[in-house]
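Please keep the sequence and the 3D view open side by side while you read.

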Amino acid sequence: MDGQAQRPSRSGATELLRDLIQAASPNPPGDERAAAAVIRGYLAGIPGIEIEDAGVHPARPMIVARLRGRREGPALLLNGHMDTVPAGGRWTRDPFGAEIADGRMYGRGASDMKSGLAGLVVAFARLSEMRDELAGTIELHAVPDEEPGGHLGTEALLRAGRIAGDFAVVAEPTGLSVFRAQKGNVFADITVTGRSAHGSMPSHGLNAVSLAARLVTDLEDRLGARLAERTHPLVGPRTLNVGTIAGGTATNVVPDRCVLGVDRRVLPGESPQEALAELAAFVGDRGAVAATHLGAPFETAEDHPLVVAAQAAVASVMGVPRPCGGLVGSSDARFYADGAGIPTILLGPGSMDQAHIADESVPLDEVEASVPVFIDLARRLLARR
Ligand SMILES: [Zn+2]
């Protein structure tokens, strides 16, 4: 299973990425057993590495692997998700073929985020050879079920009280820049209620679809414009999107009910609960607002030792310093940052622009470079004192 002796790439991360892409794990339906077997096989038998399965469902393994330095010290947590979105249509290459062309590897999960996972796993294995130099613990979390929100993966780990540490790195695709902030989100349904009547006598009823349509326009024109006035230097403006509308039962009936699905993105410094309350206040008696999902934002300070060490590791490996960035979308990082209160960054090879698209790919030089970046970062944080 290991075969490191024959690996032509510098670190072995390219071959591990190939194996992970070929171990398809689209979610839905959600089954990470093949991908987990690849990681277990890679780490099996390496001295000093303890592996356990913390999964909460038979088809959804969750690898927690631990490496202890020779001395006591802080705990560094490394997270990567094993699932991907489904392949979808319009590919010109095999989505699970891991083809290489022009220095890039193609396949579902190439950027989001089997490349980051491969980089973490290879770095973790290498760090086991450096245990004498390390003070503290490194814990690798290879998790299922991130794409729909982490319920059977990192969230389950958090609920089980098993996320504890001093630093967390989530290897989502950041192009090997340090992302130290992430937006949060509020998903809410707004139910607009009218009064039904025969479609031939609309004046006898109150049309919920018409009321909802006016509400959509008002949400965009007034609330959306007000939200856009505040922006964050790393993740941009607050936004609001009406993603769904459902109302009416038949063409010849005045509809008495219409439901809007609204997506409000939250900046670091705001709370999802406040954003929800603000939305409800704006809607007022025009509809009933009910949250369907709340995700907290986070920001880790620029001068925090985790950010400083990560910036130094990137500059050292890539040869030039890079500015910090932030994630506009969402990821499991919130369970470490907000859920467990651990200073957290996102850092990994690949690009979010590649995530979820047809012909998803990743530059292999970035995949290879991620290994020394992760190793360098761990050594800076767990330097023996
Ligand atoms: Zn991802």
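## Before you start

This is a predicted model, in which local features need pLDDT of at least 70 and side-chain atom pairs count only at pLDDT 80 or more, while totals for chains, interfaces and linings use all residues. Residues are numbered from 1 along each chain as its sequence is written, and side-chain values use heavy atoms, with hydrogens and water left out.

Helices (H or I, at least four residues) and strands (E, at least two) are DSSP runs, numbered from the N terminus. Let us begin with helix H2 (residues 33-43) and helix H3 (residues 114-127), which pack at an angle of about 20 degrees with their axes 10 Å apart. Axes here are lines fitted to C-alpha atoms, for helices over the stretch in contact, and angles run from 0 to 180 degrees between N-to-C directions. H2 and H3 are therefore roughly parallel to each other; angles under 35 degrees count as roughly parallel, over 145 as roughly antiparallel, 65 to 115 as roughly perpendicular and the rest as oblique. From H2, the contact (heavy atoms within 4.5 Å) uses Ile39, Tyr42 and Leu43, and from H3 it uses Leu117, Val121, Val122, Phe124 and Ala125. By class, that contact has eight nonpolar, no polar and no charged residues. Ala, Val, Leu, Ile, Met, Phe, Trp, Tyr, Cys and Pro count as nonpolar, Asp, Glu, Lys and Arg as charged, and the others, Gly among them, as polar.

H3 also packs with helix H9 (residues 364-381), at an angle of about 50 degrees and with the axes 8 Å apart. That makes H3 oblique to H9. On the H3 side, the residues in contact include Gly116, Gly119 and Ala123, and on the H9 side they include Val367, Phe374 and Ala378. This contact has nine nonpolar, four polar and two charged residues.

## The nonpolar cores

Which residues touch the most other members of the largest nonpolar core? They are Leu43, Ile138 and Leu347, in a core of 64 residues. H9 gives the most to this core, with ten residues. A nonpolar core is a set of buried Ala, Val, Leu, Ile, Met, Phe, Trp, Tyr and Cys residues joined through side-chain atoms within 4.5 Å. Buried means under 20% relative accessible area, exposed over 50%, and partly exposed in between (1.4 Å probe, protein chains only).

Beyond its neighbours within four places in sequence, Leu347 is in contact with residues including Val169, Leu176, Val314, Phe374 and Leu377.

## A buried helix

Helix H1 (residues 13-22) is largely enclosed by the rest of the structure, because seven of its ten residues are buried. Those residues are Ala13, Thr14, Glu15, Leu16, Leu17, Leu20 and Ile21. Among the elements that cover them are H2, H3 and H9.

## Two residues in one loop

Trp91 lies in the loop between strand S3 (71-81) and S4, and at 15% relative accessibility it counts as buried. Trp91 and Asp359 are 268 residues apart in sequence and 5.4 Å apart in space, C-alpha to C-alpha.

Pro86 is found in the loop between S3 and S4 and is partly exposed, with a relative accessible area of 34%. Leaving aside neighbours within four places in sequence, Pro86 is in contact with Pro26, Asn27, Pro28 and Arg108.
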